[in-house]
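Okay, thanks everyone for coming. Let me put the structure up and walk you through the parts I looked at.

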Amino acid sequence: MSILDPSGPAAHAQFRVWWAMLAVSVAVSLVLFSLWLYTFRRRPQPRRTAWQEQRIMLRWVLGGGVLLPVVSIVALLLLGAPTGRGMLPLPLPGGEEVELIEVVGHQWWWEVRYPGDEDQNDVVTANHLVMPAGEPVDFRLISADVIHAFWIPRLGGKRDMVPGRHSTIRLEADAPGVFGAQCAEFCGAQHTNMLLQVEAVERDEFDAWLAERRTPPEQVEDHDQAREAFGEHCASCHRVEGLPDEFAVGGREYDMEGPDLSDIGSRPTLGAGVLPMEEGAIAYWLQHHQTLKPGNRMPPHDHIDIETLENIGAWLETLEP
Ligand code: HEC
Ligand SMILES: [Cu+2]
């Protein structure tokens, strides 16, 4: 997650601004430090008249207080403005379409949506963002509760996610890879545990990944008891695509309380980076999530027996496209 290891055009531009700012601040510090040392070594000066004193003062005020800030701010603007402009969702010169991915910030997890059209559903996932590499991608950001900020340090950014207000940032990954992302605006107790794994893949692989998720996951027969328990205890907050109506209560709305679980079995982590996904991890999370991530918005499941939670966990792990 280091901005000093840039991996996209926006991040490279920000990296240059970062070094330029560092160089200038080091130069200014060195000059000030030398002046300070000089005051010790300087021989006593003849007494000046009040008029001379004032002229020297005026020179410092104009030079150091007006000229220096104006020059450095203009230089920073010349360097920074194109960097910011590079992250705006402007039309491409060739008129090509830019892939759009919606990201919704929640306390304390990320909802990721790939908009469909008239004949295609949205694809919805959480805490895992897959994007095509080698081409720009527009991230359309909003929040479901408080202000969060979307930040993939190695690709560039960041950008606030404000409730009730869409904003868009354009980022690109130079090459396939896995990048860490983190909420960058303090949003409550579990702000630190609001991580997002970003995976940039080749275009073909991205198309295949998305197409897989447009068809609902296969429902394995022998998990009926788990599905029933899910309908009773979980479906008011979580959605599983393709679940028969008698088990499903939730909708496709932005105000779903919890992450969409349709492809949970294929995701890299649980609880926005708190636990790596592996066999048995979901059942473990369901029993201990308030210890692993204290105060998170999922109520404890103490009223459900452990066997049922284990069954639900085993079923959810089968949900992968
Ligand atoms: C009141 C709403 C609510 C109920 C009921 C609820 N959950 Fe959750 N669940 C959440 C929220 C909110 C999160 C996100 C917590 C976080 O990471 O901060 C979550 C997270 C999860 C996750 C991790 C998802 C991920 O992508 O990391 C799983 C799995 C899960 N819940 C399963 C269940 C199961 C199974 C039940 C029923 C036994 C259930 N939940 C009941 C709200 C709920
Ligand atoms: Cu945050």
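Predicted model: local features only at pLDDT ≥ 70, side-chain atom pairs only at ≥ 80, totals over all residues.

Leaving out residues up to four places away in sequence, Tyr114 touches Ile101, Asn121, Asp122, Val123, Thr125, Leu129, Val130, Phe206, Trp209, Leu210 and Arg214, where contact means heavy atoms within 4.5 Å.

Residues are numbered from 1 along each chain as written, chains are lettered from A and ligands numbered from 1 in the order written, and side-chain values use heavy atoms, without hydrogens or water.

Back to the tyrosine. Tyr114, Leu129, Met131, Phe139 and Phe150 touch the most other members of the largest nonpolar core, which has 35 residues. By core I mean buried Ala, Val, Leu, Ile, Met, Phe, Trp, Tyr and Cys joined through side-chain atoms within 4.5 Å; buried is under 20% relative accessible area, exposed over 50%, partly exposed in between, using a 1.4 Å probe on protein chains only. Strand β10 (residues 195-201) gives this core its largest share, 4 residues. Strands are DSSP E runs of at least two residues, helices H or I runs of at least four, numbered from the N terminus. Another core lies apart from it, with 23 residues, including Leu243 and Met298.

Keep Met298 in mind, and let's do metals. Which protein donors does the iron atom of ligand 1 have? They are His238 (NE2) and Met298 (SD), 1.9 to 2.1 Å away. Donors here are N, O and S atoms within 2.8 Å of the metal (3.2 Å for Na, K and Ca), and water isn't among the atoms, so sites may look incomplete. The iron site has 6 donor atoms at angles of 86 to 177°, and is octahedral: opposite donors over 155 degrees apart, all others between 65 and 115. His238 sits in the loop between α4 and β11 and Met298 in the loop between α5 and α6, so the pair ties together parts 60 residues apart in sequence. Both are buried.

Now the copper ion, ligand 2. Cys183 (SG), Glu185 (O), Cys187 (SG) and His191 (ND1) coordinate the copper ion at 2.0 to 2.6 Å. The 4 donor atoms make angles of 90 to 127°, so the arrangement is tetrahedral, a label that needs all angles between 85 and 135 degrees. Of these residues, His191 is buried at 14%, while Glu185 is partly exposed at 30%.
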